[in-house]
Amino acid sequence: MQIRPTSLAFTLLLGFLAAVPYSGIDINLPALAATGATLGVPPSEAGLTMSAFMLSLAVAPLIYGPISDRFGRRPVVVFGVALFVVASLACAVAQSLPELLICRFVQGVGAASTAMTLAIIRDLFIEATARAKIANVVIAINVVTVIAPTAGAALLTIGTWRAIYAIQAGIGVVLLLAVLIGLAESAKIDPANRLALAVVIRSYARVLRHPLSFAYILVGAASGATVFAYVTGSSLFFIGVKGLRPDQYGLISSACSAGVMSGALLDGCLGRRGISAARVLTIGLTLSAAAAGALLAMTVAGWTQPALIAALLMAVALAFGMSIPSIMNATMQPLPEIAGAVGALAGSIQMTAGAASSGLVAILFDARSALSMAAVMAGCSLLALIAYYLLARPAERRIRSQGSRRPRRSKITTHSSGCAIPR
């Protein structure tokens, strides 16, 4: 029985699918030391399993995007989740670090297919409805990121690190069954669209040349890099410098995830009240830059009270939650016929930017302060604000101006639920 796109069950399914890549990172964090001990390597080398997973998350969507535009979203998600299940089981029985690294990379390739959830939303919903659906997906992702580290630690106490991968395989099986039973195809497939290398390259070149989509890709990448910087830097600062226990730091991490959820909820509430995405996005990006700038000024001045720094990190998280649904929606809106390629390229660039900012924070960390985290966060949040005002807003005005000079012909009608129905 297929799940209706307007139902809560459909939103939950998309949210849990979209959370798979993030849970694959967070649930394994508590087990790095135990993994290294079992395989006879130091925890720092066991940490390479995270790098392998994130690398595949950055690369694989570039393959999935064009395939989903040609053959549909559903086959891509089914294949990817099935691959995630098999690779998770392979991780659970790996006997050496090189073997585990290969399995983790393949596991990430499978998890990356769930990035198609945003393209599914863009296929089925328009304007404010799509923005609200994306906000709900962001909330679901952050619910999982709050639970995942605690779940990983609990599994480690009652079993071994191998049990964590086995549980991931079990979750994948449940999601695979839900997709097979309840998820219908959302893409409007054109059989004349050939899947050739030249066609794929043209699709990505089209996205990169589109002034509005590419501008929002840059805004999203800079915003995501801001979040990755605090995810890496906060643990280094609170645990390494201030000496907080892991469970105390966990409370701060959970509070930041709650901030993202609150921001997404606020965005949805404001959207229902008729507040434009542009206004919410302006507020969110400005708040992020202001909070990160304040954090940098405090750090330079030597004011490093943990409570105040945690409050500013939560403000950045709130701002991210407010901004990201509108950014994602605006990125895919101009090119709905290749939404898979748009979403894939956006996700790949955002993950690459996040990995770069995370690495920069770690490399510049001085083991005495939060300066590297604050500086990278301030720079990335400022870049997001600049890209929005100097690239995205002017591109929107140009496209709106061009549209007003063309004869208006409606090609779709809108169901009361917000679904786009072709005429």
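**View 1. C103, a buried cysteine without a disulfide partner.** In this predicted model, C103 has 12% relative accessibility, so the residue counts as buried. The closest cysteine sulfur belongs to C91. That sulfur lies 4.9 Å from the sulfur of C103, which is too far for a bond. A disulfide would need the two sulfur atoms within 2.5 Å. The structure as a whole holds zero disulfides.

**View 2. C269, a partly exposed cysteine.** C269 has 29% relative accessibility, so it counts as partly exposed.

**View 3. E396, a buried glutamate without a salt bridge.** E396 sits in helix α17, which spans residues 371-404. The residue is buried. Its nearest side chain of opposite charge is R393, 4.4 Å away. A salt bridge requires a distance within 4 Å, and E396 has none. Beyond its neighbours within four places in sequence, E396 contacts L212 and Y216.

**View 4. The largest nonpolar core, with 106 residues.** Five residues touch the most other members: Y230, F238, L313, M373 and M377. Helix α12 (residues 211-241) supplies the largest share of this core, 13 residues.

**View 5. Y230 and its contacts.** Sequence neighbours within four places are left aside here. Y230 is in contact with C256, V260 and L313, and also with V316, A317, M373 and M377. Y230 is among the residues that touch the most other members of the largest core.

**View 6. A second, separate core.** This core has 15 residues. Among them are A31, A94, L97 and Y165.

Terms used. Residues are numbered from 1 along each chain as its sequence is written. This is a predicted model: local features need pLDDT of at least 70, side-chain atom pairs count only at pLDDT 80 or more; totals for chains, interfaces and linings use all residues. Side-chain values use heavy atoms; hydrogens and water are left out. Buried means under 20% relative accessible area, exposed over 50%, partly exposed in between (1.4 Å probe, protein chains only). Helices (H or I, at least four residues) and strands (E, at least two) are DSSP runs, numbered from the N terminus. Lys and Arg count as positive and Asp and Glu as negative; His and the chain ends are not counted. Contact means heavy atoms within 4.5 Å. A nonpolar core is a set of buried Ala, Val, Leu, Ile, Met, Phe, Trp, Tyr and Cys residues joined through side-chain atoms within 4.5 Å.
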